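Trainee: Please walk me through the salt bridges here.
Mentor: Gladly. Have the model in view.

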Amino acid sequence: MSTTSDRCWIVSPSGVNTARRRLRRFEHRKLQIVRRWLEHPDNLLHLSVLVFVPLLVGGVTWLANVSPVVSFLVYPPLASGTFTLFSNPEGRYSSPWTFVGGLSLGALSGWLVLELSVRYWTAAPLEPFEVPAGAAAVAILVTGVLAWALSLEEPSAFSSALLVLVTGVDQVAFVGGVLVSSLLIAGVFVLWRTHLYEERARYLFHSMQADDQILVPVRSDDPESLVLFAARLAAAHDAGRLVLMQTVSTDAIAETASEVADESDEVSTDEEATETAEAELTDHHRQRLESLQALVDDAVGIPCEFAVVAEDGSPGETILETAERERCDLIVSPYESTDGRPSRFIWTILKGPTDAVVFRPSTERTEWRHILVMVRGAGETANMMLDFAHRLVERRGSASACTCISEAEDRRKTEVMLDNLVESFPDPIETRISHSSVESFLRTNARNYDLTVLGASTDRSAASRFFSTPTFRRIHDVDCDLAIVHRGR
């Protein structure tokens with residue numbers, strides 16, 4: 001049984017302290033900018049390369065200076081191999097076993113070929129840094145054959161096979177140095193990949209640490225699907241909480257106060273009439289909100305509160321101000337349209353500073369087991385959409401990430417982008433690539449899913465949105481529920 005609260009009041013939205021809100025935004029802006037930048041996997045990988053490759057090469061240099069085991073000639077293959085590890089940690093050549101084994105195998109193969117060359121093929125002593133052409137060719141051949149047979153194909157292995165040919169009498173020290181230094185780098189890489197890169201969703205993704213205090217404006221006659229959608233999002237976090245919100249316009253308060261003044265002999269002043277009107281309107285909405293509160297309690301068992309708020313002017317601004325006052329970091333709003341276009345209320349929510357999901361149901365569904373996430377590219381919005389899908393399915397269903405491309409040559413790049421996105425989540429997420437438009441793809445496939453998640457395109461520039469209309473505005477009839485995600489600023 002969850003702990004619930006039945007706070008219910010009418011307040012004026014004019015009490016928001018704008019200056020305090022701006023100061024709070026300024027204090028967190030720099031941290032948010034860094035976090036948003038790091039949410040893109042390519043940025044995180046580039047930063048890791050710039051940090052770890054110089055540090056590790058510097059560490060190997062220090063070892064070379066203090067120990068005769070490590071030769072300075074190991075630097076080229078180690079530097080290139082280290083870059084390969086950290087720039088593509090899930091790639092073909094990013095296995096620690098392949099990295100250490102390939103480099104060591106190359107050095108060992110080159111050493112053996114050099115010994116045989118000096119003993120059986122070379123008649124005269126070799127000058128310093130003189131390498132027989134035949135020995136170089138055979139060293140590369142032997143390294144390639146052995147690496148293929150042992151599944152240790154590593155580009156840097158060929159570098160170590162050639163460099164050992166110019167080490168003179170220090171071949172054994174070179175081979176040992178390659179083994180020791182590659183083991184050191186591989187150990188650091190494993191720690192980085194296990195505890196940072198693969199856990200980046202926990203440390204960096206905003207929605208994984210927030211978006212659990214959810215405000216739900218109740219504006220339709222049948223809000224059950226909307227409320228349970230928001231409740232299931234909140235229930236995925238231990239700190240999840242729901243605030244159901246009902247707005248009352250000041251015109252309605254004034255009209256009710258006038259009726260009260262005309263009908264009641266006990267009301268003598270306008271202030272008393274207004275207070276009585278507020279109480280009557282509050283009681284009118286209480287029963288509905290309490291029934292929704294009970295629905296949330298039965299379905300997911302999370303704390304649920306409700307409030308009735310005076311609406312003076314823009315309903316969207318009232319909702320944004322209420323979200324700040326209630327310390328809600330996510331708004332789940334119903335979709336509203338005017339002449340087939342999103343209403344002014346929706347645009348206000350989608351341009352606000354608070355994360356938001358605009359929910360457009362096609363049925364009265366209350367559970368979402370199969371979810372399709374339409375991804376345009378990597379970044380914080382894509383991470384947020386996938387996180388919401390992951391919260392809703394909770395191992396009981398399946399989530400798919402899809403990108404639509406127009407050119408066949410974009411397929412490989414798109415596959416890498418999708419792989420980088422989905423690998424940060426603990427449960428498997430299917431990836432799909434379509435060569436059709438988003439509208440065509442959804443017309444064909446949406447019926448196979450319970451919910452489609454789209455971005456609101458608010459992370460794009462105004463010019464970009466002008467020349468390319470946001471996808472959700474081009475989709476009118478979809479055979480599943482639709483969630484439009486906005487990342488607040």
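Mentor: Buried means under 20% relative accessible area, exposed over 50%, and partly exposed in between (1.4 Å probe, protein chains only). This is a predicted model, where local features need pLDDT of at least 70 and side-chain atom pairs count only at pLDDT 80 or more, while totals for chains, interfaces and linings use all residues. Residues are numbered from 1 along each chain as its sequence is written, and side-chain values use heavy atoms, with hydrogens and water left out.

Trainee: How many salt bridges are there?
Mentor: Side chains of opposite charge can pair when their charged atoms come close. A salt bridge here is a side-chain nitrogen of Lys or Arg within 4 Å of a carboxyl oxygen of Asp or Glu. By that rule the count is twelve.

Trainee: Is Asp450, the partner of Arg365 in a salt bridge, buried or exposed?
Mentor: The N to O distance between Arg365 and Asp450 is 3.6 Å. Arg365 has a relative accessible area of 23%, so Arg365 is partly exposed. Asp450 has 14%, so Asp450 is buried.

Trainee: Which residue forms a salt bridge with Glu367?
Mentor: Glu367 is partly exposed, at 32% relative accessibility. The closest N and O atoms are 3.7 Å apart, and the partner is Arg232.

Trainee: Which residue is linked with Arg232 and Glu367 in a network of salt bridges?
Mentor: Start from the pair, Glu367 and Arg232, which form a salt bridge. The network takes in another arginine, Arg369.
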